[in-house]
Amino acid sequence: MSAGSYEIAVSFTDVSKKLSGRQILDHLNFEVCKGETFVIIGYSGTGKSVTLRHMVGLMRPDEGSIRIEGDEITTMSRHELEIMRRRFGVLFQSGALIAWLTLFENVELPLLEHTKMSKKKRAEIVQQKLEIVNLWQDRDKYPAEISGGMKKRAGLARAIALDPDLVLYDEPSSGLDPVIANEIDKLINRLRDEHGMTQIVVTHDMDSAYTIANRIAMFHKGSMLQIGTPDEIQTSSIPEVQHFITGGKEGQVSRRSNTAIIRGMAPGMLSQRSAEAMDAKEAEEAEAAVATEEPQEGYVLLSEEEAAKSESPEPEPRSLEPEESHENP
Amino acid sequence: MNWKDNAVINAVKGAGYTLVLLLEALGHVTQFWRRRRAIFTQMHVIGTQSLPITCFFMLLIGMVFALQTGIEFARFGQTNLVGLVIVSAMVRELGPWMTAFVLIARVGSSMAAEIGSMKVAEEIDALEVMSINPSSFVVMPRVVGYALMGPALTVVGTLVGIAGGGIVANLQLGVAWADYLRFAERGAEPLDIYWGLLKSLVFSVSAAAVACSNGMRTSGGAVGVGRASRNTVVIALTLVVFFNYLLTSFYRMVKLFVAGVL
Ligand SMILES: Nc1ncnc2c1ncn2[C@@H]1O[C@H](COP(=O)(O)OP(=O)(O)O)[C@@H](O)[C@H]1O
Ligand SMILES: [Mg+2]
């Protein structure tokens with residue numbers, strides 16, 4: 001077992017994996033440092049969840065090496081994997097709570113299975129974790145009785161029940177309203193700042209990515225296209241990265257009205273926008289466009305036709321896998 | 001590769017997976033005390049909740065069987081013998097497999113769907129990453145619950161079936177209760193009763209294993225859950241009639257052996 005003195009928490013070296021004849025991971029390389037929040041972005045159905053599954057040994061690569069705090073996990077036996085996994089907390093896309101247990105029992109489950117704590121001690125910890133995610137008052141409810149956002153928060157409470165060193169999140173904010181998504185972001189930052197946890201977050205939500213990430217990695221075609229700080233990603237010169245982080249909306253309709261749609265603001269308000277959400281150059285351009293062009297009628301309240309035009313077409317073929325429907329039908 | 005290869009290979013793989021899963025689950029039976037709550041829940045769902053429908057089925061089957069044999073025996077003036085035929089058929093054949101059918105329809109299909117939903121919702125994966133073995137947490141309580149309640153229901157169902165036969169024999173065929181019981185007693189000896197229980201145990205364990213295995217192998221969302229449930233019913237029913245034939249043949253050999261013929 002590792003001495004725990006490694007600076008690198010997770011490292012993938014030339015990891016490749018084929019699934020049903022398709023190369024999902026193709027010489028994937030990246031490292032996650034201890035204590036950082038590492039955000040993975042990328043198009044749907046390309047293999048981000050598969051990457052996470054490799055990290056906890058739910059899938060084994062065809063080739064390559066995966067090390068968790070220095071320990072090679074690709075060759076571990078089932079028993080060794082079970083021990084290794086205790087360093088992890090994983091928040092699955094839908095929370096993955098056990099349906100026949102209450103929220104309290106769900107969070108208690110890892111403690112019950114892996115520790116010899118007294119009932120009182122367990123209850124204390126469960127209370128503490130459920131209070132972190134603001135669900136203590138709902139402790140006696142069953143997963144079927146609560147909303148998707150609550151399930152995710154309960155899943156997070158369960159993931160951190162054993163105070164893991166590493167927490168993985170698969171799309172923590174998908175399907176949540178912005179307020180709760182924001183709360184989860186705050187929670188992720190708290191876990192890093194107060195508990196020093198290493199966190200790996202797969203997300204589509206760029207606002208959230210900028211809020212939580214120490215580094216962002218763009219996953220594309222089986223490997224990391226770019227890894228960098230939020231600033232570096234925002235100013236990336238790689239077209240695919242720009243395309244993804246702007247939601248593919250660049251250069252499709254007139255830049256000015258498009259900007260207004262993305263930001264949900266009238267063109268005149270653009271200059272008030274916070275600098276971090278969009279680079280200054282882009283704002284200037286947009287402002288200039290406003291100044292030179294004659295405002296048209298129905299400018300802010302777009303006609304349906306125009307709105308439809310400004311919707312970007314899907315950038316990549318979406319997989320039809322059912323796991324893509326994250327929320328309850 | 002053509003589809004035929006795939007179908008055969010998949011069937012063999014599925015059977016292998018089912019067997020391994022069953023053995024793993026049986027290996028976790030040592031944890032029954034820790035999992036007692038889950039086992040009791042399963043016993044309730046599989047046993048108590050299936051009791052009314054099982055009794056209703058067996059009652060009517062006993063009644064129809066009495067009528068049918070009564071019609072034939074009347075031709076030879078042997079109507080008194082219906083008790084004997086009903087009991088021997090109920091204890092060794094109808095009781096075990098009709099109960100198994102009812103349980104597969106009522107419990108097996110939903111067990112597969114439940115586990116299939118867990119699989120699709122990543123709950124099974126979540127258990128794995130929490131280092132909680134699903135064979136112990138999910139499969140074992142179900143197999144144990146099924147293995148205990150299947151035979152128990154068979155006993156009750158068989159008794160109800162024999163009672164149903166008696167009611168028809170008495171009210172419709174005019175057989176005196178005393179005669180019915182006198183011949184009924186001769187219908188089964190202890191070996192028959194054990195044999196019926198053995199059959200029921202085999203049916204229950206295989207149905208539970210098939211249900212859990214199909215559930216655990218579910219992929220492809222709601223459609224996959226439906227498929228798991230359907231496959232469970234088809235495969236489990238097939239196994240029941242197949243094992244039943246084997247066990248009945250074996251029973252005959254045992255009988256011959258006991259009689260000193262073999
Ligand atoms: N167990 C599996 N068997 C076969 N294909 C899979 C499996 N898991 C995922 N895939 C495929 O791998 C691709 C990547 O999936 P995933 O990692 O879930 O995408 P995402 O990046 O949206 O998380 C998808 O096309 C999916 O169909
Ligand atoms: Mg995913």
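How many residues from chain B and from chain A does the contact take? In this predicted model, the contact takes 23 residues from chain B and 25 residues from chain A. The two chains bury about 2,100 Å² between them. Carbon and sulfur atoms account for 54% of that area. On the side of chain B, E122(B), V129(B) and S131(B) lose the most area to chain A. Together these residues supply 29% of what that side buries.

The rule finds six salt bridges between chain B and chain A. In one of them, the side chain of D125(B) meets that of R53(A), with N and O 2.9 Å apart. Three elements of chain B give two or more residues to the side that touches chain A: α4 (82-120), α5 (123-129) and α6 (134-171). The largest share, six residues, comes from α5(B). By class, this side of chain B divides into 10 nonpolar, four polar and nine charged residues.

The chain folds were examined next. Chain B has nine helices and zero strands. Its pattern along the sequence is α-α-α-α-α-α-α-α-α. The C-alpha atoms of chain B fill a box of roughly 70 × 40 × 35 Å along the principal axes. Of its 262 residues, 48% are buried. Among contacts in chain B with a separation of 6 or more, 84% join residues 24 or more positions apart. Chain A comes to 12 helices and 10 strands. It has 329 residues, and 50% of them count as buried. For chain A, residues 24 or more positions apart make up 65% of the contacts with a separation of 6 or more.

S200(B) lies in helix α8 (residues 190-216) of chain B. Its relative accessible area is 2%, so S200(B) is buried. Beyond residues up to four places away in sequence, S200(B) touches P96(B), G150(B), P151(B) and T154(B). S200(B) and E93(B) are separated by 107 residues in sequence, but their C-alpha atoms are 9.6 Å apart.

In chain A, helix α1 supplies a buried element. Eight of the eight residues of α1(A) are buried, so the helix is largely enclosed by the rest of the structure. The buried residues are K48(A), S49(A), V50(A), T51(A), L52(A), R53(A), H54(A) and M55(A). R53(A) is also the salt-bridge partner of D125(B). T51(A) belongs to this helix, which spans residues 48-55. T51(A) counts as buried because its relative accessibility is 1%. A polar atom of the T51(A) side chain lies 2.7 Å from the backbone oxygen of G47(A). Leaving aside neighbours within four places in sequence, T51(A) is in contact with F12(A), L25(A), L28(A), F30(A) and F219(A). Just after the helix, G57(A) takes a positive phi of about 75°.

Strands β1 (residues 8-19) and β2 (residues 22-33) of chain A pair in the antiparallel sense over eight bridges. S11(A) has E31(A) in β2(A) as its bridge partner. The hairpin of β1(A) and β2(A) has two residues between the strands. There, S20(A) takes a positive phi near 35°.

Over all chains, the count comes to 24 salt bridges. D62(A) pairs with K17(A), the closest N and O atoms being 3.9 Å apart. D62(A) lies in the loop between α1 and β4 (63-68) and K17(A) in strand β1, so the pair ties together parts 45 residues apart in sequence. D62(A) is partly exposed at 47% relative accessibility, whereas K17(A) is buried at 13%. A second salt bridge joins E36(A) to R215(A), with the closest N and O atoms 2.7 Å apart. E36(A) sits in the loop between β2 and β3 (37-41) and R215(A) in strand β9 (residues 215-220), so this pair ties together parts 179 residues apart in sequence. E36(A) is buried, with a relative accessible area of 7%, and R215(A) is partly exposed at 22%. D138(A) and K141(A) also meet through their side chains, at 2.8 Å from N to O. Here D138(A) is buried at 10% relative accessibility, and K141(A) is partly exposed at 31%. Salt bridges that share partners join K34(A), E69(A), D71(A) and R87(A) into one network.

Conventions:
Residues are numbered from 1 along each chain as its sequence is written. Chains are lettered from A and ligands numbered from 1 in the order in which they are written. This is a predicted model: local features need pLDDT of at least 70, side-chain atom pairs count only at pLDDT 80 or more; totals for chains, interfaces and linings use all residues. Side-chain values use heavy atoms; hydrogens and water are left out. Contact means heavy atoms within 4.5 Å. Buried area is the accessible area (1.4 Å probe) that two parts lose on being put together, summed over both. A salt bridge is a side-chain nitrogen of Lys or Arg within 4 Å of a carboxyl oxygen of Asp or Glu. Helices (H or I, at least four residues) and strands (E, at least two) are DSSP runs, numbered from the N terminus. Ala, Val, Leu, Ile, Met, Phe, Trp, Tyr, Cys and Pro count as nonpolar, Asp, Glu, Lys and Arg as charged, and the others, Gly among them, as polar. Buried means under 20% relative accessible area, exposed over 50%, partly exposed in between (1.4 Å probe, protein chains only). A polar contact is a pair of N or O atoms within 3.5 Å; within protein, one must be able to donate a hydrogen and the other to accept it, and residues adjacent in sequence count only if both atoms are side-chain atoms. Two strands pair if DSSP finds at least two bridges between them.
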